[in-house]
Amino acid sequence: MVLCPVIGKLLHKRVVLASASPRRQEILSNAGLRFEVVPSKFKEKLDKASFATPYGYAMETAKQKALEVANRLYQKDLRAPDVVIGADTIVTVGGLILEKPVDKQDAYRMLSRLSGREHSVFTGVAIVHCSSKDHQLDTRVSEFYEETKVKFSELSEELLWEYVHSGEPMDKAGGYGIQALGGMLVESVHGDFLNVVGFPLNHFCKQLVKLYYPPRPEDLRRSVKHDSIPAADTFEDLSDVEGGGSEPTQRDAGSRDEKAEAGEAGQATAEAECHRTRETLPPFPTRLLELIEGFMLSKGLLTACKLKVFDLLKDEAPQKAADIASKVDASACGMERLLDICAAMGLLEKTEQGYSNTETANVYLASDGEYSLHGFIMHNNDLTWNLFTYLEFAIREGTNQHHRALGKKAEDLFQDAYYQSPETRLRFMRAMHGMTKLTACQVATAFNLSRFSSACDVGGRRREYSPPPLGWKDFPAGCTGALARELAREYPRMQVTVFDLPDIIELAAHFQPPGPQAVQIHFAAGDFFRDPLPSAELYVLCRILHDWPDDKVHKLLSRVAESCKPGAGLLLVETLLDEEKRVAQRALMQSLNMLVQTEGKERSLGEYQCLLELHGFHQVQVVHLGGVLDAILATKVAP
């Protein structure tokens, strides 16, 4: 009955659970808590990659769920509930976050990953206290998380499919319910069982006690132990013996009782001072320290990729640090520390047999994967990292820092690193191709584009700076037709033209696998600032406009508008800043990146809308794609 004292505090309050989960409702009801259920409408599309830890993602999702309900109820009747409880449960294994499966095949894939392995179940909980201040909703949020380790037995394919077909996995994080049939899959549980069910009741109760029953000074005094060291007055005064003099040392007057009272008073004063010190200490700055030291984690990842650690471990048995070190000409002690931090980041798995890749490392960090980010990582290691060391100069001067970071002409660097030969250029394009494939399907399906029978994917030119007198120079942006293929797949009636610089078009054929979509895709060479654009009903500019200053953006949009008939569409794909430029951390970071690298910048939806309307594009719609990008669709209207 841990909740009993707290229930007295909540008895006359309106408590709302922002969850439709019957399991959470049952856990809290059985604990004696009275509440009403208002399921949250918050769309769980937070960018998982932007969180340093899985539990950070779970806590933020729980908070957003609770805040959405609090705001909605306040807007409905201008009276918010007193307390809103939000929760989000996730399962993590090998660095991947597993939420609810989208279909049976997805459920089977999740359960296959868990078979024979230990995984973590995190539940983030947010307790939001609401009040009204100056006719505005005021909220105070208390949040925490609980982690439970769960290990599955080795499961046969037949057993997994039997469980999937039972239907139980479909509404549960990780694809299983431990309190029902899913319990037969579990070999061991370390931690709070109810946390795996969906709500960490024990931690929740402790949190309520902290909120409603903070410790009193007398409670802290009673908790101090006095039996470890005897009181000072139990020792015999030896000063007259050790002093060596003929006269005894003078002692303070007063009886033993008086001294005892004085001692107790002094002790109480010291304890009160200690308590006041504890009360006034600021909270430990964990998040701030993570930000301060975050560059170390990034450099660790970049270095592991540079040394091809993930390539050496891909599809291989676990290897010892010394063995890996010998293959890359590194020290055994240094390699062990690098591998340990990679394991702590969830990129490697460490066992008694050695180190092995997680699924994340196999898919994204090995250099030969279909979705490999290795080329992008090397770009950040070899160029962006150096540029950011001169960030202070960029901020003071308001210009890029290529001349300081490189010490030589920018075109020499790109020629040596990426465009030295068709082979190296192709390798760089493969890296860009993998990045594009990560988001191409989301872009193609963000809006219903079935009204367009033709589209033009306008590839771009990357702007890089060289010291005077050369100045800015254009490089191919690496359009490979990956987005065009997804558009063709999604809309079989649509003919798609890929428009890019001649050097890129020459190599783009390497990225076109055979299939029915091939007949829908065409390639045209040209420069979007000088050459006529191919005719189309829909123009697509994917990650193009952020590379350019406003005057060049106006020039490009003007050329697109001239090619459009009324009713034609323009699809932009960019990373949007929030209007107040204080929330969208990834977009703000990219805008800072633009400062040190190019002439361009990231923009908000309002800024893009103004640009579009100046060129006759209206009916602006926007969709957040769930990762780092946003899609904007606008329609050309008659003048």
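Helices (H or I, at least four residues) and strands (E, at least two) are DSSP runs, numbered from the N terminus. The expected span of a helix is 1.5 Å times one less than its number of residues.

This is a predicted model, in which local features need pLDDT of at least 70, side-chain atom pairs count only at pLDDT 80 or more, and totals for chains, interfaces and linings use all residues. Residues are numbered from 1 along each chain as its sequence is written, and side-chain values use heavy atoms, with hydrogens and water left out.

**Helix H24**

H24 covers residues 585-597, 13 residues in total. From first C-alpha to last it reaches 18 Å, close to the expected 18 Å. Its buried residues (under 20% relative accessible area; exposed is over 50%, partly exposed in between; 1.4 Å probe, protein chains only) are Ala 587, Asn 593, Met 594, Val 596 and Gln 597.

**Salt bridges**

A salt bridge is a side-chain nitrogen of Lys or Arg within 4 Å of a carboxyl oxygen of Asp or Glu. The count is 25.

| Pair | N to O distance |
|---|---|
| Asp 88 and Lys 65 | 3.3 Å |
| Glu 68 and Arg 72 | 2.7 Å |
| Asp 527 and Arg 530 | 2.8 Å |

Asp 88 lies in strand S3 (residues 83-93) and Lys 65 in helix H3 (residues 54-77). The pair links distant parts of the chain, 23 residues apart. Both residues are buried.

Glu 68 and Arg 72 sit 4 residues apart in H3, so about one helical turn separates them. Arg 72 is partly exposed, at 24% relative accessible area.

Asp 527 is buried at 4%, whereas Arg 530 is exposed at 62%.

Salt bridges also form a network linking Arg 23, Asp 171 and Lys 172.
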